[in-house]
Amino acid sequence: MIEIICGEKGKGKTKELLEKVNHTVSTVTGSVVYLDKSQKHMYELNNKVRLINVVDYPITNCDEFLGFICGIVSQDHDLEEMYLDSFLTIAFIESDQDMVRSIEKLDIISEKYKVRFILSVSKNKADLPEYAQAKVTVSL
């Protein structure tokens, strides 16, 4: 399952994502991972959440990012949820086509390995491709 929290830059998507992950961590039995473009939110996250700074790894395009996601999923069989803050930036998404392709792949990974993905996307819901619009749970 994939959920998208969308809205223009500065509308509070990260705050919403942090609240969601900190609330969820007390109810899940497995692991929770939070991917971001910095360590900035380290002290705002519950200590049971694994924060991964994507910038620390040599990822330069969308396909490499998806491989990185697969690596995380493959090493943790207890992984239940993965939060992706600044999704368009950390996944190197440059077009609507890239976004749809990435979300389709995340759908496949989610279904096969039972991992829920929650994405923060810096775009208005109306500006998202139709495939992504259907996955929006919060629009700011």
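Reader: Where does Leu 106 lie?

Author: In this predicted model, Leu 106 lies in helix α4.

Reader: Is Leu 106 buried or exposed there, and why?

Author: Leu 106 counts as buried, because its relative accessible area is 0%, and the cut-off for being buried is under 20%.

Reader: Which residues does Leu 106 touch, if I leave out those up to four places away in sequence?

Author: With those left out, Leu 106 is in contact with Ile 2, Leu 66, Ile 69, Phe 87, Phe 117 and Leu 119.

Reader: And how are Leu 106 and Pro 129 placed relative to each other?

Author: They are 23 residues apart along the chain, and the C-alpha atoms of Leu 106 and Pro 129 are separated by 16 Å.

Reader: What about Ser 102, is it buried or exposed?

Author: Ser 102, which also has its place in helix α4, counts as buried because its relative accessibility is 0%.

Reader: What does the side chain of Ser 102 reach?

Author: The side chain of Ser 102 reaches the backbone oxygen of Asp 98, at a distance of 2.9 Å. Setting aside residues up to four places away in sequence, Ser 102 touches Cys 62, Leu 66, Phe 87 and Ile 93.

Reader: Which strands does α4 lie across?

Author: Helix α4 lies across β1 (2–6) and β5, and its direction runs at about 160° to that of β5.

Reader: Okay, switching to the sheet: what is the order of its strands?

Author: The sheet is open and has six strands, in the order β3-β2-β4-β5-β1-β6, with parallel pairing. Its edge strands are β3 and β6 (136–139), each of which pairs on one side only. On average, and ignoring direction, neighbouring strands of this sheet are turned by 15° against each other.

Reader: How many bridges join β4 and β5?

Author: β4 and β5 pair in the parallel sense over four bridges, and Met 82 has Phe 117 in β5 as its bridge partner.

Reader: How many of the residues of β3 are buried?

Author: Four of the five residues of β3 are buried, so that strand is mostly covered. β3 pairs with β2 in the parallel sense over five bridges, and the partner of Val 33 in β3 is Arg 50.

Reader: Now α2, please: which of its residues are buried?

Author: The buried residues of α2 are Cys 62, Phe 65, Leu 66, Phe 68, Ile 69, Ile 72 and Val 73. They cover an arc of only 155° around the axis, so they sit on the same side of α2.

Reader: What do those buried residues of α2 pack against?

Author: They pack against β2 (31–36), β3 (49–53), β4 (79–84), α3 (87–90), α4 (96–113) and β5 (116–121).

Reader: What caps the N-terminal end of α2?

Author: Asn 61 caps that end, with a side-chain oxygen lying 3.1 Å from the backbone nitrogen of Asp 63.

Reader: Last one, α1: which residues are buried, and which exposed ones are on the face turned away?

Author: The buried residues of α1 are Lys 13, Leu 17, Leu 18, Val 21 and Thr 24. Because they cover an arc of only 140° around the axis, they fall on the same side of α1. The face turned away from that buried side carries the exposed residues Lys 15 and His 23.

Reader: What covers the buried residues of α1?

Author: What covers them includes β1, β2, β3, β4 and β5.

Definitions and conventions
Residues numbered from 1 in each chain as written. Predicted model: local features only at pLDDT ≥ 70, side-chain atom pairs only at ≥ 80, totals over all residues. Heavy atoms only, no water. Buried < 20%, exposed > 50% of the residue type's maximum accessible area, 1.4 Å probe, protein only. Helix = DSSP H or I, 4+ residues; strand = E, 2+ residues; numbered from the N terminus. Arc of directions from axis to C-beta. Contact = heavy atoms within 4.5 Å. Polar contact = N/O pair within 3.5 Å; in protein donor to acceptor, adjacent residues only side chain to side chain. Pairing = 2+ DSSP bridges. Axes fitted to C-alpha atoms, helices over the stretch in contact; angles between N-to-C directions.
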